Amino acid sequence: MTVTFDEAIARDQRIEPADEMPEGYRKTMIRQIAQHAHSEIIGMQPEGDWITRAPTLHRKAILLAKVQDEAGHGLYLYSAAETLGADRGDLTRRLIEGRQKYSSIFNYPTLSFADVGVIGWLVDGAAICNQVPLCRSSYGPYARAMIRICKEESFHQRQGYELLMTMMRGTPEQRAMVQDAVDRWWWPSLMMFGPPDAESPNTAQSMAWKIKRHTNDELRQRFVDMSVPQAAALGVTLPDPELRWNEARGHHDFGQPDWAELKRVITGGGPMNEERIRRRREADSDGAWVREAAAAHAAKGMS
Amino acid sequence: MAFDDAYDALTDHEDDARWAYGTGFSDPLAGVPGDLPDGVDRADLAAYCLMLGDDALILSHRLQQWVTRAPELEDELALANIGLDLLGQARLLLTRAGAAEGRGRDEDELAMHRPPAEFRNVRLAERADDDFAHLVARLCAFSVWRLELLQRLTGSADPMLAAIAAKGVKEVTYHRDYAAQWVVRLGDGTELSHRRMAAAVDALTPLLGELFQPHPVETRLAAAGIAVDPAGLRAAFDDVWAYVLATATLTAPGVAPAVSPAAVLPASSSPAGAPSAASGGRDGAHTPGLVEILDEMQALARSVPGGAW
């Protein structure tokens with residue numbers, strides 16, 4: 001017995017590639033998965049820039065493995081998008097031509113090695129908050145990819161926090177590096193959950209299709225509540241004078257990020273937007289002759 | 001793992017079960033006796049471990065420089081993976097070097113606080129890649145050579161070196177396969193890729209002779225059954241290298257003898273018994289490529305005295 005798309009969604013069943021689905025759902029899924037894939041690939045750069053400079057071989061190995069995981073996440077996600085009829089090469093072109101977005105968090109620079117730790121703790125932490133519910137997303141290939149990705153992200157978060165713990169036990173200069181990195185990354189991390197619900201036009205449809213399970217503001221609150229005790233254990237101050245526990249709500253109250261800055265960064269005005277895309281464009285054009293050669297060689301084998 | 005509670009108890013260091021992969025990694029050398037074999041010269045063993053460790057560390061660095069710049073995502077993954085394998089080999093070998101030396105230097109002290117002239121890697125490892133053809137040509141030649149070396153080293157009288165080599169054989173077998181496939185694809189791809197692949201092979205050929213020149217440390221340790229005499233690898237290398245190049249429709253240029261490049265760095269004072277004139281990377285005579293690598297690799301570690309990472 002065939003089940004219609006609406007029945008499957010109502011029963012919390014997964015939608016699989018061969019199932020019929022509304023064109024809007026297909027387009028929304030491709031866009032979301034592609035943006036997620038692009039974020040993994042662009043996200044390799046801020047941390048990747050520290051691999052060759054890592055201060056110990058242990059940290060170098062961890063960082064290299066982490067950046068490799070991100071390439072792997074990009075690969076599964078592009079594959080998930082391809083199950084919907086998208087083409088990886090086409091999605092890459094959309095990225096380097098600025099026609100598809102990636103997470104704005106990666107448009108901030110990594111200024112010290114403490115940034116590697118803070119990206120693991122806060123940025124990967126925020127990503128986990130966003131992504132854990134996606135393991136129950138209605139589109140099967142995406143949900144299954146997210147399970148594996150979340151497992152690796154939890155490892156990434158752990159290594160970041162552990163690096164910060166170690167640095168906080170080091171020299172006063174290192175403790176200052178950690179606090180400085182927290183000061184720079186806290187607000188951009190809160191922005192990772194997207195605009196406030198009142199200004200998030202796509203949320204309602206995505207929730208109805210069970211692509212998204214929680215609103216931006218719900219996830220942001222969860223992230224703040226989780227991060228506060230971690231910051232205390234670490235011995236750093238989160239740079240928000242309005243941050244305090246609200247007994248009545250059972251949650252922390254906190255200040256609003258600078259939403260004008262988020263808009264500016266999303267629309268290309270962040271400190272590193274040009275550099276991030278330039279690097280990807282260069283890798284793509286520098287590698288074109290290699291891909292052409294591989295295709296030519298493969299064609300000889302088939303003739 | 002309860003996904004909705006991924007954050008729970010993050011600050012509780014007693015419970016590792018919540019992490020996807022646990023905390024620790026299994027020790028690839030668990031159960032291998034760490035004592036030095038009877039009669040081995042500690043300084044020689046330390047120098048030998050540095051040679052093989054530095055080869056891996058420096059080539060790993062060159063691969064790390066490709067991260068985010070590979071021509072295709074699959075190659076991003078492969079190059080990072082190979083870089084990680086070599087880094088892992090380097091860490092084991094540098095740690096063994098420190099133990100053999102007996103002066104309390106660990107892997108990081110050796111990696112981050114030696115000047116260029118105390119590095120013992122072959123110069124093939126330090127060369128910068130002009131393009132992807134140079135990357136795969138060098139990786140292929142290096143892996144063909146290192147695989148032959150590690151296979152023989154599994155029979156070393158030093159059980160630790162034998163165990164490190166056995167682990168490395170599995171890894172380098174894949175590195176050789178990955179690189180050789182690209183040499184073939186590029187050599188037998190388009191007219192442009194053929195030209196670039198041929199140029200890359202020509203460029204590295206002058207650096208190959210050094211791979212087979214025994215250093216006095218290698219000669220002494222090979223006689224004691226601990227090291228591999230690199231001169232004995234030449235025939236096997238030539239066979240595989242010629243086969244790969246022929247499959248790639250390239251001709252194998254003769255393997256040139258090691259020549260000191262015009263711009264070599266002064267070597268450190270040679271250990272007793274070593275030739276006084278520096279002849280190659282094994283003696284600490286390097287190209288500016290190594291200085292560039294060490295400037296990048298060591299700067300942060302040196303900039304925070306007493307730092308904890």
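A salt bridge here is a side-chain nitrogen of Lys or Arg within 4 Å of a carboxyl oxygen of Asp or Glu. By this rule the count over all chains is 37. The model is predicted, and the points below should be read with that in mind.

1. Overall make-up of chain B. Chain B has nine helices and zero strands, so its pattern along the sequence reads α-α-α-α-α-α-α-α-α. Of its 309 residues, 54% are buried. The accessible surface of chain B is about 12100 Å², and carbon and sulfur atoms hold 54% of that area. Among contacts in chain B with a separation of 6 or more, 78% are between residues 24 or more positions apart.

2. The nonpolar core. The largest nonpolar core has 191 residues. The members that touch the most others are Trp121(A), Tyr48(B), Phe132(B), Leu186(B) and Met197(B). In soluble globular proteins, nonpolar side chains tend to be buried together.

3. Surroundings of Leu186(B). Neighbours within four places in sequence are left aside here. From chain A, Leu186(B) is in contact with Trp289(A), Val290(A) and Ala293(A). From chain B, its contacts are Phe132(B), Ala133(B), Val136(B), Ser193(B), His194(B) and Met197(B). Phe132(B) and Met197(B) are also on the list of core members that touch the most others.

4. Helix α4 of chain B. This helix covers residues 132-153, which is 22 residues. At 1.5 Å a residue it should span 32 Å, and its end C-alpha atoms are 30 Å apart, which agrees. Because 20 of the 22 residues are buried, α4(B) is largely enclosed by the rest of the structure. At the start of the helix, a side-chain oxygen of Asp131(B) comes within 2.9 Å of the backbone nitrogen of Ala133(B).

5. Which residue pairs with Arg114(B) in a salt bridge? The partner is Asp54(B), with the closest N and O atoms 2.8 Å apart. The pair links distant parts of the chain, 60 residues apart: Arg114(B) is in the loop between α3 (107-112) and α4, and Asp54(B) is in helix α1 (residues 42-64). Both residues are buried.

6. Arg195(B) and Glu191(B) form a salt bridge whose closest N and O atoms are 2.8 Å apart. The two are four residues apart in α6 (residues 191-204), so about one helical turn separates them. Arg195(B) counts as partly exposed at 48% relative accessibility, whereas Glu191(B) counts as exposed at 58%. The cut-off between these classes is 50%.

7. Salt bridges in chain A. Salt bridges that share partners join Asp49(A), Glu275(A), Arg278(A), Arg279(A) and Glu282(A) into one network. The side chains of Asp284(A) and Arg291(A) also meet in a salt bridge, at 3.3 Å from N to O. Asp284(A) is partly exposed, with a relative accessible area of 24%, and Arg291(A) is partly exposed at 25%.

8. Asp12(A) is not a glycine but has a positive phi of about 65°. Its place is the loop between α1 (5-10) and α2 (23-42) of chain A, where it is partly exposed at 46% relative accessible area. Thr68(B), also not a glycine, has a positive phi of about 75°. Thr68(B) is in the loop between α1 and α2 (73-101) of chain B. Is Thr68(B) buried or exposed? At 2% relative accessibility, Thr68(B) counts as buried, the cut-off being 20%.

Methods
Residues numbered from 1 in each chain as written. Chains lettered and ligands numbered in written order. Predicted model: local features only at pLDDT ≥ 70, side-chain atom pairs only at ≥ 80, totals over all residues. Heavy atoms only, no water. Buried < 20%, exposed > 50% of the residue type's maximum accessible area, 1.4 Å probe, protein only. Contact = heavy atoms within 4.5 Å. Areas by Shrake-Rupley, 256 points an atom, 1.4 Å probe, with all protein chains shown as cover. Core = buried A, V, L, I, M, F, W, Y, C linked by side-chain atoms within 4.5 Å. Expected span 1.5 Å × (residues − 1). Polar contact = N/O pair within 3.5 Å; in protein donor to acceptor, adjacent residues only side chain to side chain.
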